[in-house]
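Take a look at the model below. The paragraphs after it go from the whole chain to single contacts.

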Amino acid sequence: MRTDYCGLLNINYLDKKVKLCGWVNSLRILKNIIFIDLRDCTGIIQIFVYNNKKKLWNLASSLTEESCIQVYGKIKKRILNNIKDNINNGNIEVLVNKLNIFNYSNKLPLDIKLNNNSEEIRLQYRYLDLRRFNMFNTLKIRSIIVLFLHKFFQKNSFLEIETPFLTKSFPEGAKNYFVFSKSKKDIFYALPQSPQIFKQLLMISGIDRYYQIVKCFRDEDLRSDRQPEFTQIDMELSFSNFNTVRFLIEKLISSLWLNFKNVNFNVPFKIIKYCDSILYYGTDKPDLRNPLKFIDISMFKKNILLKLNSYINFKIKALIVDKNVMYFDFKFILNLINKYGLFDCICIKIINLIKNKFIYELFSFLNFKDDLLIQNICVEFKLKIGDLFFIFIGKKIALNDNLNLIRQTLCKKFKLLKNNKFCPVWITDFPLFYYDNNNNLKSHHHPFTMPLVSSLSYLKSDYYSKLLSSSYDLVINGYELGSGSTRIHDFKIQKKIFDLLGISKLVQKKKYGFFLNSLKFGTPPHIGLALGLDRIIMLLMDIKNIRDVIAFPKTTSGICLLTGAPDDKSSI
């Protein structure tokens, strides 16, 4: 139906006859000529029709924007005044001698030339939204990245193997989606949160290195970087350890950033233990572009809390903004505290230093006044004129993600963020367990994670909260790009973990019996990791919303505005 693509034509095609197909991006009807910008998947070419052919003129005059057409014509050189240097084919155009109209288009419910449409309209008419150049370009680059990934894994001796979508319900940290069978009443499948058990079974099968770019399904709270169905770059390796995986993933991530952003990473990536990440950043997903770090103020804790009688058993953290802040509105911090809650704040602003005595302003709604204590704090942390010193006080402050939000907000407020940088970091040695609100023991990652060898002795005691896991997350600029662990390959350890999690013998046999049995047949030590493809593309393309890198995404409430999914039970 066509001989060429619009965006690939250039001056070398001059005077050649072409047959093109595409959409009317725009049209201008003048007295003697009609100009049309014809668009296809490669770009735009200007075509034109003279009024000396009445039938052709009338046909072209009837067109509407986004009509789908086919044209026969000849490549002509544009006159000097009409040349557009900002596009590849801006020095040529097509004189049309024949026009076929496949379909007229109604007026679009959104403007595909601008980015000012509401997200609700964009998702409702996603097939039109995808005509926008930046959306099409994102999907095009996504396709190129996926091809790049396949080549990388095959070059590194991985086998691509598919795993089932219809399977059993295995707890992995989120709720499952279920598919009910019509052939048998009350029988259902679960959609996998990840291929976790199957990829471990592949290792037991003797598959040395497995990978898969696979859909995963998790029924959990959604946000700008999370979807109920997402794409995972999944991998598993036998007879390997963290250093093997680390080298491989750093090689992959460095290659991606070099090829698609022309950014060179320093390898090896930085490693921070989970406990230190929480201590210094208030989160296990630190954005290291932000220079602000929480500091140890334990030497002053007792004296500070003694001044605040009702806070005697609370925890404290501190943070310095070293920015020569001569103006600061404490209402800004008050609003943050009201917004995020769970702790109070004291702010010390250094005004001057006269004869080794700090002159300061104190901002706090707490009854905190102790000049000697404040002077000692200023000396200990070597504060300078213009510094701000924050003290945060709360019951659960050590594990409070809201502190990280305040850290991020202060960074933004004082313009400390290094936007043009990428800061990859491995977070390691996560706790194996945590206690939920009902004081039940839960897996921090999933129940197939191997405890660190150094903490294995705690399995034989009651100090389960001290158990550390052989697990690791890859974080870049505050986004968790991947998560992995050494897997349990010992039947006794796996059985012990299930017992500690309160999984009854009956449930172990019914849900995990086949897997526990598989561990008795010469299971090799193995390790794995999964990277989030959607988040990787977000970072590579500087896109803030995960829905903009997925062709047909869901809203934050899990609804497909295009199709109206999910259906209610009456439609089954």
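Predicted model: local features only at pLDDT ≥ 70, side-chain atom pairs only at ≥ 80, totals over all residues.

Residues are numbered from 1 along each chain as its sequence is written, and side-chain values use heavy atoms, with hydrogens and water left out.

Start with the whole chain. The C-alpha trace spans about 95 × 75 × 50 Å along its principal axes. The chain holds 14 helices and 22 strands. Both are DSSP runs, numbered from the N terminus: helices are H or I with at least four residues, strands are E with at least two. Of the 572 residues, 49% are buried. Buried means under 20% relative accessible area, exposed over 50%, and partly exposed in between (1.4 Å probe, protein chains only).

Now the helix pair. Helix H12 (residues 491-500) packs against helix H13 (residues 505-518) at an angle of about 150°, and their axes lie 12 Å apart. Axes are lines fitted to C-alpha atoms, for helices over the stretch in contact, and angles run from 0 to 180 degrees between N-to-C directions. H12 and H13 are therefore roughly antiparallel. The angle classes are under 35 degrees for roughly parallel, over 145 for roughly antiparallel, 65 to 115 for roughly perpendicular, and oblique for the rest.

Next, the charges. Side chains of opposite charge can pair when their charged atoms come close. A salt bridge here is a side-chain nitrogen of Lys or Arg within 4 Å of a carboxyl oxygen of Asp or Glu. The count is 23 salt bridges.

One of them joins Lys 113 and Glu 65, at 3.0 Å from N to O. Lys 113 sits in the loop between strand E5 and helix H2, and Glu 65 in the loop between helix H1 and strand E4, so the pair ties together parts 48 residues apart in sequence. Lys 113 is partly exposed at 42% relative accessibility.

Another links Glu 119 and Arg 547, with the closest N and O atoms 2.8 Å apart. Glu 119 lies in helix H2 and Arg 547 in the segment after helix H14, so this pair ties together parts 428 residues apart in sequence. Glu 119 is partly exposed at 30%, whereas Arg 547 is buried at 6%.

Finally, the surface. Phe 165, Leu 166, Val 179 and Tyr 189 form a nonpolar patch with about 330 Å² of accessible area together. Patch members have over 30% relative accessible area and no salt bridge; like charges are joined within 9 Å, nonpolar side chains (Val, Leu, Ile, Met, Phe, Trp, Tyr) within 5 Å. Accessible areas come from the Shrake-Rupley method with a 1.4 Å probe, and for residues only the protein chains shown count as cover. Val 179 belongs to strand E7 (residues 177-180).
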